[in-house]
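Okay, thanks for coming, everyone. I'll take you through the contacts inside the chains, and then the one between them. Have a look at this.

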Amino acid sequence: MSGIVISERGPTVGGRAVRQAGEWLPALVVAAVVIGTWEGAIVAFHIQQFLLPKPSDIASTFWTQRHELWPAGWYTFKEALGGFAIGSLAGVAAATLVGRFKGLGTALMPIFIAANAVPIIAFAPIFGAWFNPISPHSKMAVAAVLCFLPVMVNTLRGLQSASPRQLELMRSYAASELEIWRRVRVPTALPFLFTALKVASVLAMIGAIVGEYFGGALNALGVIINSEANVFHFTTAWAGILVACLLGIALYSSVVLVERVAIRWAPQARDS
Amino acid sequence: MSDAAPTVVRIERVTKTFPQGNVTALQDIDLELAPKEFASLIGPSGCGKSTLLRVIGDLIEPTSGTVTVNGKPARQARNDGDYGIVFQDAVLFDWRTVAKNIALPLEMLGWGRAKRKARVEAMLELVELGSFAEHHPWQLSGGMQQRVAIARALAFEPALLLMDEPFGALDEMTRERLNLELLSIWAQTGSTVVFVTHSISEAVFLSSRVVVMSPRPGRIAGFVDVDLPYPRSVETREEPRFFELVTEVRELLRKRGEHLLPEEAAALE
């Protein structure tokens, strides 16, 4: 019992920093080795620039063209963020309705599950036609549709995964449906929701960039990657991909941060 | 059946059939429990003991018959918070601390913050978990979790405590310790207890009365009044009278259990 109490006090701040650095070290070493091998292999085997540029060249382009790439990245990021917000909110709303009204679920779930198997990306040119292809709205639509289903399906599963015993306990307190919802179903669904939001954050970036491959504003990241690659400026295309990666990681990490705050209580939140 | 003797639970001709598979879980059950009685329901699986517990708690509606708790229909009693319930799993909410778990029924009854806090502290004291108030359930052992569940069930001082195999998932040593703790808690609160178990020795050790049930259809096979004096202790389990009563319950189960499947009969040994 005293062991639990001691671990509750937690390690010191300095100790935690050292331990976290230690946890990151192997990954950093692997990354350094991969980039080093990449650089070395291009020099050693005289690999053509258009096949694979050197990481050092990508890095220098990433720096010299930062005034074009980052504003473009920010433009695309806003599309992804908008799609993420719209798709996720719609997903949560749909899950709430389907969870509340069983008949709705019977009617809609088979359709949603069938829709889940549709390659949404294939619709990107159609969305371009529905909205103005230059406007950010068509990309937001692609991102939103991509985000909707995983959020909806996971949230619904979460809302339905309160145990029968938990529900019996609440009924023994004569709890109303609304109270059961608020005190049991929603907290139970939160870990499911955040798992879905993490998936959706990645899908939103994919949706926005791939959407731009089919046309979009000239200062959009996907358009730049696509057009630079078409004129054999592969180093610039790679630098654009790097910007997309960093922004994608930023979006994912912000979801993780919110998750840490929202479900501090979860056992898995302490382990990770 | 005189009105002079108050009853906490009165069950009259209760029958429960489940339409799926046309199962008669309970047939013509009559049972009365007096205040401060500790009654165990024992029987093989399928005898309807857990169903009977849920019928008392108005978590399952009987097909016919009436259930009265604290002199009110079972539905009214549930709405008034007249009973607390403990399941085999502690059924604690991971997102709430131990203290907040115990406070849950008090929140639902609309108690003020200060009143809640005082009661939760008293309950933690009662189940000897005072230093674990701010822990989360998954930081506690199974036995400690079950003590939290008991504290939660008794926090609002219900007249009736329903327990569905509460110690069934615990190891023998923890179980015997919690049996003693439960008796001491019961002595302090004076609730009537309905305790579902399939352990004969646990039923005899705890109860003032053992209700023996038989399956298919679920019926009351007989009663064994346990005349061992309270407070009971570790030595109670070694008294000759304890063994006589255990034998009496076992005989009742066996007499009514001739039609049992072999593994069900074995489970009762």
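So, in chain A the centres of domain 1 and domain 2, taken over C-alpha atoms, are 28 Å apart. Keep in mind that this is a predicted model. Domain 1 of chain A runs over 1-47, and domain 2 of chain A over 52-271. Where they meet, five residues of domain 1 of chain A contact four residues of domain 2 of chain A. On the domain 1 side of that contact in chain A, you get four nonpolar residues, one charged and no polar.

Now chain B. Here domain 1 comes in two pieces, 9-82 and 158-267, and domain 2 is 93-157. The centres of these two domains of chain B, again over C-alpha atoms, are separated by 25 Å. Their contact uses 14 residues from domain 1 of chain B and ten residues from domain 2 of chain B. Which helix gives the most to the domain 1 side of that contact in chain B? That's helix H6 of chain B, residues 172-189, with six residues. And that domain 1 side in chain B is made of nine nonpolar and five polar residues, with no charged ones.

Chain A puts in 15 residues and chain B puts in 16 residues. On the chain A side, helix H8 (164-172) and helix H9 (177-213) each supply at least two residues. H8(A) has the largest share, six residues. By type, the side of chain A that touches chain B has nine nonpolar, four charged and two polar residues.

Okay, that's my tour.

Notes: Residues numbered from 1 in each chain as written. Chains lettered and ligands numbered in written order. Predicted model: local features only at pLDDT ≥ 70, side-chain atom pairs only at ≥ 80, totals over all residues. Contact = placed C-beta atoms within 7 Å. Helix = DSSP H or I, 4+ residues; strand = E, 2+ residues; numbered from the N terminus. Nonpolar A, V, L, I, M, F, W, Y, C, P; charged D, E, K, R; others polar. Domains from an automatic or database assignment.
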